[in-house]
Amino acid sequence: MQLQYSSFWLNIGLMEPEPDLDRTLAALGDKTRRALLERLGDAEVRVTDLARPFPMSLNAVSKHLRVLERARLIRRRRVGREHLLSLDRAPLAAVATWIEQQRDPWSTQFADFAALLAAEQA
């Protein structure tokens with residue numbers, strides 16, 4: 001069942017959720033998936049080579065890789081029977097931008113609060 005967010009988010013005065021950002025953050029929420037992304041680095045890697053150091057089955061690693069693919073954090077290319085994976089940094093940049101946008105208002109509020117405290121102490 002697909003939930004309808006529009007009226008809820010608009011009623012509480014917030015923007016609608018961003019599905020791409022949600023998928024990316026959900027994918028990054030697991031330490032195994034983060035470790036897989038770190039192992040990818042800047043090189044294209046075979047799935048079997050990527051999975052080798054993890055203490056789980058290739059099937060379990062493949063499930064993590066599917067989550068990363070749905071979040072568009074990795075790209076898959078097939079060469080014969082081999083599956084080659086590479087990192088796509090665009091969703092990470094979108095997360096970084098979102099975090100930066102969230103930090104600015106908080107920084108301003110903390111600065112205002114610090115000024116208020118300083119004024120009261122003086």
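Mentor: A salt bridge is a side-chain nitrogen of Lys or Arg within 4 Å of a carboxyl oxygen of Asp or Glu. In this structure Arg46, Asp49, Arg52 and Glu82 are linked in a network of salt bridges. The model is predicted, so local features need pLDDT of at least 70 and side-chain atom pairs count only at pLDDT 80 or more, while totals for chains, interfaces and linings use all residues. Residues are numbered from 1 along each chain as its sequence is written, and side-chain values use heavy atoms, with hydrogens and water left out.

Trainee: How many salt bridges does a search of the whole structure find?

Mentor: The search finds nine salt bridges. One of them pairs Asp20 with Arg72, with the closest N and O atoms 3.1 Å apart. Asp20 lies in helix 2 (residues 19-28) and Arg72 in the loop between helix 5 (58-70) and strand 2 (74-79), so this pair ties together parts that are 52 residues apart in sequence. Helices (H or I, at least four residues) and strands (E, at least two) are DSSP runs, numbered from the N terminus.

Trainee: Which residue forms a salt bridge with Arg77?

Mentor: The partner is Glu44, and the closest N and O atoms are 2.7 Å apart. Arg77 lies in strand 2 and Glu44 in the loop between helix 3 (31-40) and strand 1 (45-46), so the pair ties together parts that are 33 residues apart in sequence.

Trainee: Is Arg77 buried, partly exposed or exposed?

Mentor: Buried means under 20% relative accessible area, exposed over 50%, and partly exposed in between (1.4 Å probe, protein chains only). Arg77 has 41% relative accessibility, so it counts as partly exposed. Glu44 is also partly exposed, with a relative accessible area of 40%.

Trainee: Which salt bridge does Arg76 form?

Mentor: The side chain of Arg76 meets that of Glu69 at 2.9 Å, N to O. Arg76 is partly exposed at 29%, and Glu69 is partly exposed at 25%.

Trainee: How many bridges join strand 2 to strand 3?

Mentor: Two strands pair if DSSP finds at least two bridges between them. Six bridges join strand 2 to strand 3, and the two run antiparallel. Within this pairing, Ile74 has Leu87 in strand 3 as its bridge partner. The hairpin of these strands has two residues between them, and Gly80 there takes a positive phi near 65 degrees.

Trainee: Where does strand 1 come in?

Mentor: Strand 1 is joined to strand 3 (residues 82-87) by two bridges, again antiparallel. Arg46 stands opposite Leu84 in strand 3. Arg46 also belongs to the salt-bridge network with Asp49, Arg52 and Glu82.
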